Amino acid sequence: DGMFPTFSADGKSIYFERDRNHVIKLNLETKQEEEIFPKGQPEWAELSIVKPHVSPNGKLLSFISEKPRRWSSWYADLETGKATYVGPGCEPSWFSNSEKIAWVSGVKTKERSGIAAYDIRTKKISLVQEADAPRGHEYFPSLELKDKFLLYGAARPKEHKPTTANYQIFAKDIAKGKVTRITFDKHTNRWPKLLPFSK
């Protein structure tokens, strides 16, 4: 009974959402479950908490809620339970240093959305990827190889719905600023991930 599972950095646990308002940690060795958020935070009791991602250091949680508006990104300190608003938008995920969050933002972008970064120390926001048409509606961000690459999907103008829009997969070398298109087809391509491989 859970959705949107992700592994802990050490591979020993799985985090997932339950009933769209609880985040659960499952210890793979003991099979024991533990609620890690909202866990005694009454202000979140009736609110959505979806698509959770725990930071690589295991101390912070990013998620989406409808507070203060639908599709808002947040992060919470798992020790204190304190939650901090990141900004309007969705799909929050962590940089490898556990100090920055990447998420889909529609603020000050050319083609409805871009991928922004929120620094939890300074609270400053910057754009990581933001392009204009014909493929400027960026979604589904994934940071890979210790933030060397940003993988994402991008759709054309007037397209958005994840089940029908013609999203294509792109990779951005963040240091060089170079964007490479990966897929060229008529399908909906979502949630890119770089998987481990060996020769």
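This is a predicted model: local features need pLDDT of at least 70, side-chain atom pairs count only at pLDDT 80 or more; totals for chains, interfaces and linings use all residues.
Two strands count as paired if DSSP finds at least two bridges between them, and the strands themselves are DSSP runs (E, at least two residues) numbered from the N terminus. Residues are numbered from 1 along each chain as its sequence is written, and side-chain values use heavy atoms, with hydrogens and water left out.

- Phe63 has Trp74 in strand 7 as its bridge partner.
- Strand 6 and strand 7 run antiparallel and are joined by six bridges.
- Both belong to an open sheet of four strands, ordered 5-6-7-8 with antiparallel pairing.
- Its edge strands, strand 5 (50-54) and strand 8 (83-88), each pair on one side only.
- From one strand to the next, the twist averages 20 degrees (axes are lines fitted to C-alpha atoms, and angles run from 0 to 180 degrees between N-to-C directions).

**The nonpolar cores**

- A nonpolar core is a set of buried Ala, Val, Leu, Ile, Met, Phe, Trp, Tyr and Cys residues joined through side-chain atoms within 4.5 Å; buried means under 20% relative accessible area (1.4 Å probe, protein chains only).
- The largest such core has 12 residues, including Phe37, Phe63, Trp74 and Ala76.
- Strand 4 (33-37), strand 6 (60-65) and strand 7 (72-77) each give two or more residues to this core.
- A second, separate core has 10 residues, among them Phe95, Ala117, Leu150 and Ala154.
- Leaving out residues up to four places away in sequence, Ala76 touches Phe37, Lys59, Leu60, Leu61, Phe63, Lys82 and Ala83 (contact means heavy atoms within 4.5 Å).

- Three bridges pair strand 9 with strand 10 in the antiparallel sense, and Ser93 has Ala102 in strand 10 as its bridge partner.

**Thr109**

- Thr109 sits in the loop between strand 10 (100-105) and strand 11 (114-119).
- Thr109 is buried, at a relative accessible area of 18%.
- A polar atom of the Thr109 side chain lies 3.4 Å from the backbone nitrogen of Ser113.
- Beyond its neighbours within four places in sequence, Thr109 is in contact with Gly114, Leu127 and Glu130.

Note on methods:
Buried means under 20% relative accessible area, exposed over 50%, partly exposed in between (1.4 Å probe, protein chains only). A polar contact is a pair of N or O atoms within 3.5 Å; within protein, one must be able to donate a hydrogen and the other to accept it, and residues adjacent in sequence count only if both atoms are side-chain atoms.
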